[in-house]
Amino acid sequence: MPAPDKVTNITSLQTENRVFKPSKEFSSRAHVKSLAHYRKLYNESIKSPDKFWGKQAREELVWFKPWKKVLQWKAPFAKWFVGGQLNVSYNCLDRHLNTPTANKAALIWEGEPAGAGIPGEERTLTYKQLHHEVCKFANVLKRNGLKKGDRVIIYMPMVPEAAIAMLACTRIGVIHSVVFGGFSAQSVADRIFDCQARLVITTDGGYRRGAVVPLKKNVDEALTIKDAQGNSLTKTIEKVIVHRRANNDVRIEEGRDVWWHREMEQVDANCPAEKMDSEAPLFILYTSGSTGKPKGILHTTGGYLLGAKLTTKYIFDLQETDVYWCTADIGWVTGHSYVVYGPLANGATSFMYEGAPNHPEPDRFWRLIAKYGITVLYTAPTAIRAFMKWGVEWPRKHDLTSLRLLGSVGEPINPEAWIWYHEVVGGKRCPIVDTWWQTETGSIMISPLPGATPTKPGTATLPFFGIVPEIVDDQGKTLPKNSGGKLVIRKPWPSMLRGIWGDMQRYKDTYWSEVPGSYFTGDGCRTDKDGYFWIVGRIDDVLNVAGHRIGTAEVESALVSNQKVAEAAVVGRPDDLKGQALVAFVTVKTGVVADQNLRDELRNHVGKEIGPVAKPDDIRFAEALPKTRSGKIMRRLLKQIASGAEIKGDTTTLEDLTVLTKLGSSEE
Ligand code: 6R9
């Protein structure tokens with residue numbers, strides 16, 4: 001649990017006071033046209049939540065069976081639209097089929113740019129075509145023995161088949177758990193074990209910067225991994241479905257592995273959508289917490305879909321002609337809610353790309369925006385800071401005038417990046433929505449509405465309809481405007497997580513015991529005189545590295561799993577590009593030479609255990625770690641050392657002061 005000093009230390013007293021009002025032109029065409037209009041709708045949503053959410057669910061979603069009760073709340077367990085039945089893939093696809101949307105592009109995809117051996121593909125799938133593919137693939141899943149409630153791992157690059165696989169699961173009530181393609185075999189095995197998955201959907205390989213990431217090979221390796229007692233972690237896996245993408249050599253194990261395209265030849269496209277209870281589990285998505293084991297965040301059907309659909313519609317102010325691009329990978333929650341479910345439930349055109357933002361050159365994004373006439377761009381501050389570094393000449397080469405709205409997500413956006421985004425990318429004409437939310441919240445919680453809310457660089461501004469965020473002190477008491485503290489959510493909301501898969505106690509402990517009766521976000525935050533929320537960042541032992549959540553404990557346990565390491569402590573330090581960088585303090589076992597080779601070895605080891613995103617930026621060897629007399633590692637001190645700051649504060653409980661002097665530099 002966060003130490004009190006972390007909360008009172010929130011000194012990021014923002015001096016930013018530039019205000020950007022939505023233009024008349026934008027507002028006049030927006031769904032919500034003024035701050036007064038937003039406040040009216042917000043107040044109604046808070047005053048009579050059942051009435052508000054009931055109306056939204058009726059108007060926005062197609063139900064097979066109406067619900068009996070909007071919300072059943074026995075803290076911390078919520079059930080939304082109790083007794084109602086619907087289907088997510090039906091709401092994303094079938095409902096559009098008898099409308100003009102049927103022939104509209106649902107997904108536009110561009111693969112890794114052409115290069116040595118890479119074809120450079122583009123594909124468009126209309127709603128009708130996507131429906132066809134999803135129905136067929138759902139039949140493939142059935143053919144391979146899956147039924148309602150089974151768990152499936154999706155481990156794929158950014159190809160349309162990833163979205164097809166997700167939607168096919170929802171069509172027949174199979175629970176998907178997407179694992180980011182940048183994660184390691186070990187991570188895949190851990191997640192298979194945790195959710196007891198029966199099947200893996202993967203590709204032979206994915207492309208990244210001209211190279212092939214061998215996903216199938218990682219799956220093969222995952223399926224051999226054993227726990228410390230020698231038991232297989234993955235014995236529940238019966239089948240692996242392999243989509244052919246990169247044509248790299250793969251091993252096909254007879255009886256276990258099947259090719260996607262061969263299977264698709266065996267089925268027809270007739271697959272009625274399963275009637276799912278509103279509270280039926282929809283997906284599990286693993287995310288880092290403050291212990292070593294990632295948490296399987298559970299989302300369910302009706303509430304999640306309503307949250308994803310409504311926020312996409314209002315926050316991105318979707319219009320019929322938008323070509324909407326959320327740059328997140330489907331391995332993260334942003335890819336779930338804002339590449340796949342939110343846009344498709346709205347009948348919008350969602351653009352998807354494979355590869356990196358700077359391959360073959362740093363203008364990949366701008367080239368794509370100009371080529372496809374992208375109107376709404378939703379990306380992360382870490383990407384924006386990288387673009388700033390690469391220089392204005394890259395965006396200036398391209399016509400970006402199709403853009404009308406910009407979004408930001410994943411971490412606080414610093415005002416310099418905000419202004420650059422506004423001026424260079426948005427040509428000063430596009431509003432920016434800085435959207436705060438989490439894997440756990442399912443959909444955006446705090447954000448401007450682009451036609452209504454005056455924005456200030458660096459703040460996510462005001463809550464979305466029905467959301468009651470508050471800033472509290474260490475006793476859980478609500479603080480007035482203009483103060484800093486812990487960010488909590490006071491009332492349940494439809495797309496909230498329903499638990500941690502297989503560990504309801506951890507769900508209660510992590511989210512509901514810090515401030516009893518309220519959802520604890522793990523973030524520190526302050527409000528200004530206008531009641532705008534300024535997120536300061538995590539106050540638990542979770543770091544935000546380039547928009548990815550990484551638990552320090554996870555990296556520590558990866559490090560100590562290396563034979564040569566005795567002890568490790570991982571902390572964050574500020575980083576211009578990534579927001580935070582990972583610094584590992586490591587003590588080695590007797591006789592081990594702590595040198596640059598070992599540093600490389602340990603970085604690769606963490607890459608293998610978790611994935612490249614978790615590789616420490618800096619590894620410092622130490623003879624000992626600073627500890628209190630009761631044996632706790634003094635992270636506060638390590639953080640100061642890592643960021644090059646002077647050692648401040650009380651070190652009287654430090655066991656051996658001399659270790660401090662030896663931790664200063666990463667060079668031997
Ligand atoms: C959607 C997503 C959640 C954590 C969250 C917070 C940080 C996300 C933010 C933001 C400031 C924003 N975060 N959006 N901080 N401003 N607009 O990123 O989910 O990967 O679970 O991360 O990210 O610290 O608690 P997830």
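Which residue does the UniProt annotation "modified residue: N6-acetyllysine" cover? In the unreviewed entry, that annotation falls on Lys-632; UniProt positions follow the numbering used here, feature names are shortened, and annotations may be inferred rather than shown by experiment. The structure is a predicted model, where local features need pLDDT of at least 70 and side-chain atom pairs count only at pLDDT 80 or more, while totals for chains, interfaces and linings use all residues. Residues are numbered from 1 along each chain as its sequence is written, and side-chain values use heavy atoms, with hydrogens and water left out.

Lys-632 sits in the loop between strand S30 (618–621) and helix H20 (635–642); helices (H or I, at least four residues) and strands (E, at least two) are DSSP runs, numbered from the N terminus. With a relative accessible area of 57%, Lys-632 is exposed. Here buried means under 20% relative accessible area, exposed over 50%, and partly exposed in between (1.4 Å probe, protein chains only). Apart from neighbours within four places in sequence, Lys-632 is in contact (heavy atoms within 4.5 Å) with Pro-626 and Lys-627.

Next comes the ligand. Around it are 17 residues, of which Asp-434, Thr-435, Thr-439, Asp-523 and Arg-549 come nearest; a residue is counted as near if one of its heavy atoms lies within 4 Å. Asp-434 places a polar side-chain atom 2.7 Å from a nitrogen atom of the ligand, and a backbone N or O atom of Thr-435 lies 2.8 Å from a ligand nitrogen atom. Arg-549 has a side-chain N or O atom 2.8 Å from an oxygen atom of the ligand. For such polar contacts, the cut-off is a pair of N or O atoms within 3.5 Å; within protein, one must be able to donate a hydrogen and the other to accept it, and residues adjacent in sequence count only if both atoms are side-chain atoms. On its own the ligand has 530 Å² of accessible area, and the protein covers 96% of that (Shrake-Rupley method with a 1.4 Å probe; for residues, only the protein chains shown count as cover). Helix H12 (333–345), strand S20 (432–435) and strand S25 (533–538) are the elements that give two or more residues to the shell. By type, the shell residues split into six nonpolar, six polar and five charged; Ala, Val, Leu, Ile, Met, Phe, Trp, Tyr, Cys and Pro count as nonpolar, Asp, Glu, Lys and Arg as charged, and the others, Gly among them, as polar.

The loop between S20 and strand S21 (469–472) holds Thr-441, which counts as buried because its relative accessibility is 0%. Leaving out neighbours within four places in sequence, Thr-441 is in contact with His-299, Trp-493, Ser-495, Met-496 and Tyr-519.

Leu-405, in strand S19 (residues 405–409), is likewise buried at 0% relative accessibility. Not counting residues up to four places away in sequence, Leu-405 touches a list of residues including Phe-26, Ile-315, Val-376, Cys-430 and Pro-450.

Glu-133 belongs to helix H6 (residues 127–143) and is partly exposed, at 23% relative accessible area. Beyond neighbours within four places in sequence, Glu-133 is in contact with Leu-125, Ile-164 and Met-264.
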